[in-house]
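Let's walk through a structure together, one feature at a time. You ask how to read it, and I'll point to the case at hand.

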Amino acid sequence: MSRRTAGGIALAAVAALAVAGCASGPIGQDTPQSSGQSFVSGSGTNLYKTGSRPLAPDISGTTLTGQHLSLASYRGSVVVLNFWGSWCGPCRAEAPDLAALATHFRSRGVRFLGIDIRDDPTGADAFDKTFQVTYPSLNDPGDELALDFRGTVPPAGIPTTLVIDRSGRIAARVVGSVSYNGLKALITPVAAEHPVTTGGAAR
Amino acid sequence: MSGAPTGGGSRGTGAGGTASPTVDPRQAEFPADAPGLDGAASSAGGAGPGDEAGPADGAVFADGAAPAPAAPGLGGARLGPVGWLRWGWRQLTSMRTALILLFLLAIASVPGSVLPQEGVDPAAVSQYYAAHPSLAPILNRLSLFSVFAAPWFAAIYLLLFLSLAGCVLPRTFRLVGAARQQPPRAPRRLARLPMAASYVTPLPPDEALSSAGRLLGGKRFRLRTGDGWVSAEKGYLREVGNLLFHIALLALLASVGIGGIFGYKANRLLIAGQSFANTPTALDVFRPGRLVSPSELQPFSVALQSFSATYVSSGPQVDEPETFNAALRYSAAPGSPTHGFVLRVNHPLTVDNVSVYLIGHGYAPEFKVTDGAGAVVFNGPVPFIPVEQAGLTSEGVVKVPDAAPSQLGFAGVFLPTAADQNGQLVSEFPAAQNPRVSLVSYAGNLGLNSGQSQSVYQLDLAGMHRLSIAPRPLAVGQSMTLPNGNGKITFTGYRQWISLAITYDPGQLPALISGIMALAGLILSFMVRRRRVFVRATAAPGGHTVVAVGGLARSDAAGGFESEFAELARELRTAHDGSSPVPVPAEPTAHGTTESVSSDNDQSLSIREGE
Amino acid sequence: MPVIINHGLADASNGFLLATVVLYALAMLSYACDFAFRKERLIAPEPAQASAKVSELVGVGSAGAAAGVAAPAGAAGATGAPVGSAAVAARPEGPSGSGGGSAAGDSTEAGLWPTGFWMRTAFTLTCTGLTAHLAAIVTRGLAEHRVPWGNMYEFIAAISCMAVLVLVTVSIRFRAYYIGLFVLLPVVLALALDVTVVYTPAGSLVPALNSYWIAIHVTAMIVASGLYIVGAVVTAMYLIADRNERRTLAGLPSRTEGLMMHLPGTTVLDRLSYRTILFAFPVWTFGIMAGAIWADHAWGRYWGWDPKETWSFITWVVYAGFLHARATAGWRGRRAAYIQLAGFGCLMFNLIGINLWVTGLHSYAGLSG
């Protein structure tokens, strides 16, 4: 066997080993108990240009006040979908901004909808009262609604905010708490878009 | 090459090929630990585990060991960069380096087992920091709290496997290439081999040889015939086993790597009555591999209907758990039918190639908090974490961020079977026979509104002040009214929770197969001996033929070759109608002592084999 | 439903184990008496250079034709007697003729049985003790209705039983009766500690251990540990013999001269220890694999660097280093012996130290504190 072949084989072996070394974290580790944290404190904004926007799933559920609500009924409006929980610090930090933006954009056909994760309804209600949240929130104790988004733009943690355009497509995603100006800058262009109509009939 | 033994001269060039056949009996031999033959050579990867190979052994059993890496620059020739690389490569793949790396690996693992590790018990790490405030940061710098993720640890095992790969892979190719290799020629003087016998037979030499060949061939020896001799070899499976073992180790490492890259681990604490789905927002701890994206998680969901645990109530093992049963309902995807399952320790749930394990349990007392304004601002269970196993005394924190006039926080202790022992309230038994909860109350600013990430099990008291109400044990249904119009908290009941470990490891099955292959290769290489048998037939004056039989084994430590050889010699003699043996020509007077060496000891060791 | 412990059988088990300790102690005394009162040397100690000589024409199975070379009468085991003189053609009688390999007509047709009154007594006592030991373990298992290795007490009892089982097997198979005293010494010490300090009454398994895997994983570890113990003892003997040889060659007096009379040379001891490890290593490897499979079943991952897992791995690596050292020039002999003892040290720490001092998922010692 020539030296070159030997060298080539050895190189392949190195590559295989590099694969092993690149695996994240140590070889096999685990914690037996939960650390009690499952929210994201980092930030990250994803914008989706028209034409490459994923379609938001048609979710529906029960609000904290017991009504039944579905996302499809919001078609034609811009929807700002916010995943939150009353126990989550960053969610509480952004709550005043969201409430204010909800009021600001109400007349422009922008609707806000919350999805409440891992919360008991009483605490969630109290949260709404504290921050004077005027928009409804769907209760999602079993994570089914979060799961519905897995094919498109899954929430990587909470808080996560999605901006859905008038045709029901996801235009932007923010992971982490939003700021008033930041979210406003995301919503405004989407609100200015005209919906794509089929057959010319506008809703 | 420096130190190349004379007998192995044909291998001195290190071409890695097969030994060119010679008739020097030393070539055919398995040299003992002769100092003269040692030279300066280290048997660079020349033998596998279970071998007692001598350094020149490569000369005999040419399985392509690379000879010792010579010191560079010897002989006046200067090495270019390629030369240095080659020298470095030879050093890396030498047996000595492998030994050193093995020991380094073992030593490097020691701190990982003695010091608390982040990945195994983060709480213990924090305790260590508290106990050794000056030492701990230094240890942390050296990655001693996460040894097995440390870069220097990875360097050791990667180098080791590189050394292994560099040695094993070429040898595999050589083995495949040499699969049809012939045994060497028979040495002229078989008497010098470790095992030898001779006898006289009336058959002519050719017939004797051909019948010997048939006999050996029938025993599945590989044959080679020559003028007046027959050479037979057997036991190639040893090298196969050896290489299989080492390659399986490489495959094992690759499997672990694949699992680490494409798999994920997660944890979730689930209270009875709750359910969750396998999505990042629902998981308490989520550790994805490098190439795992959250949208690829298998979308199963699990609901905990109830959890029951029984404990030993008396005897020496009192308070120890007897059984744990978690009654679940699960579905593989939204819309799929749900199935029931009883989750127990040692009895995990497998859904869609993901495994869900029961690894812990505890109590979650339920509270209802009415704030100062009279509104119910909190109503639900709060998981408390056990701090001791005997009575399952548990601690936890209740945060009520939406209470008015100020946010409320409670640090509590839950006692499943509360009892008074010498004035102290303890939990006597892990089952909830007399549940009590005792709370220390705080009011102020929990710190949540500023956006700070907090653990749900810890209270940040920086902005809180303690309320002047003494904690007292509450029974189910009892309340505690808080001073200064802060409201009231009621202990409304309790539930149990389980903690689940969710793992997806695509490298698990390959790792298992690699492990089995490694074991098989190991056993094969330990059990099979490579051995050679030579037969020479020479016509003697007087019409008969003197048949000499000689044999040697590559490594006789496993024993048994003597009896095999004895059996062979006997069969050959019988086949040849051999009669009383004649003295071998007294030529080897130099060797006329009666001392014998290693083989005798082997014989005594293995004396009962084959019987 | 709690498991009912049969206390009668549990008490019987304790009784058997006490008897075992006594019997082993008496066996040790008998072994020592054999050393003290045996007159003949076991074997001429092998000078170091002799091993360099290429072997001569050695006939097969010509034990009967020993030419009066240092014939150890009643050799208690392996001998270095030359298997026939050179220049005399072999009588290929086959292996059955070679019998015990010791010359000068010792009574080896029995094969199984050692020679000399004291050695016979010692071996009988050992075997009787082993029977009592097995009875202790079996009755304990019957009392608890489970495989009797669930805590440190049972574990030490099982490992020492395995070590004595290996001792008896090796004694018979390789005629290595001389290792009896040395192997029994740590066994008796361990058992004495076991029945006093480490004792745990019979009980049932915690749920985490309640799996059929305990019969596979822990059994393998016990078997391997017993083999490792014997290997370590023989290696220690090898080191003593080696030192004795070197001092003899250098003309220096050696304190162990008298002891060496009854032990074979370094080569035999070295080979014996090596073969023990050859057997133990695959079993240990299998035990680690079985443990990994069980861990995956129970804890959700097949390897998590739990302290006990880590030290099993360290032990494996060191013994692997030992096997590699045997194949590396310059590392054989003494250095390899030290490596093996280091591996044994890791094993002991793994079995005892981890259970007592380090907490992890493996904390099943059953001891408080």
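The dialogue below goes from whole chains to single residues.

Q: Before we start, what kind of model is this, and how do the numbers and letters work?
A: This is a predicted model, where local features need pLDDT of at least 70, side-chain atom pairs count only at pLDDT 80 or more, and totals for chains, interfaces and linings use all residues. Residues are numbered from 1 along each chain as its sequence is written, while chains are lettered from A and ligands numbered from 1 in the order in which they are written.

Q: How many helices and strands does chain A have, and how many does chain C have?
A: Helices (H or I, at least four residues) and strands (E, at least two) are DSSP runs, numbered from the N terminus. Chain A has 5 helices and 8 strands, in the order α-β-β-β-β-α-β-α-β-α-β-β-α from the N terminus. Chain C has 10 helices and 0 strands.

Q: What share of the residues in chain A and in chain C is buried?
A: A residue is buried if 20 or more other C-beta atoms lie within 10 Å of its own, exposed if 12 or fewer, and partly exposed in between, with C-beta atoms placed from the backbone. In chain A, 47% of the 203 residues count as buried; in chain C, buried residues make up 58% of 369.

Q: Which residues have the most contacts inside the largest nonpolar core?
A: A nonpolar core is a set of buried Ala, Val, Leu, Ile, Met, Phe, Trp, Tyr and Cys residues joined through C-beta atoms within 7 Å. The largest one here has 258 residues, and Val163(A), Ala163(C) and Val230(C) have the most contacts inside it. Its largest share, 19 residues, comes from helix α8 (residues 266–299) of chain C. A second, separate core has 32 residues, including Leu216(B) and Val549(B).

Q: What does Ala163(C) touch?
A: Two residues are in contact if their C-beta atoms, placed from the backbone, lie within 7 Å. Leaving out residues up to four places away in sequence, Ala163(C) touches Val183(C), Val187(C), Gly226(C), Ile229(C) and Val230(C).

Q: Are helix α11 of chain B and α8(C) roughly parallel or antiparallel?
A: Axes are lines fitted to C-alpha atoms, for helices over the stretch in contact, and angles run from 0 to 180 degrees between N-to-C directions. Angles under 35 degrees count as roughly parallel, over 145 as roughly antiparallel, 65 to 115 as roughly perpendicular and the rest as oblique. The axes of α11 (residues 508–527) of chain B and α8(C) come within 10 Å and cross at roughly 175 degrees, so the two helices are roughly antiparallel. Residues that meet there include Leu519(B) and Phe526(B) from α11(B), with Leu278(C) and Met289(C) from α8(C).

Q: Is Leu297(B) buried or exposed?
A: Leu297(B) counts as buried because it has 25 C-beta neighbours inside 10 Å. Leu297(B) sits in the loop between β6 (285–288) and β7 (301–311) of chain B. Beyond its neighbours within four places in sequence, Leu297(B) contacts Asn278(B) and Thr279(B).
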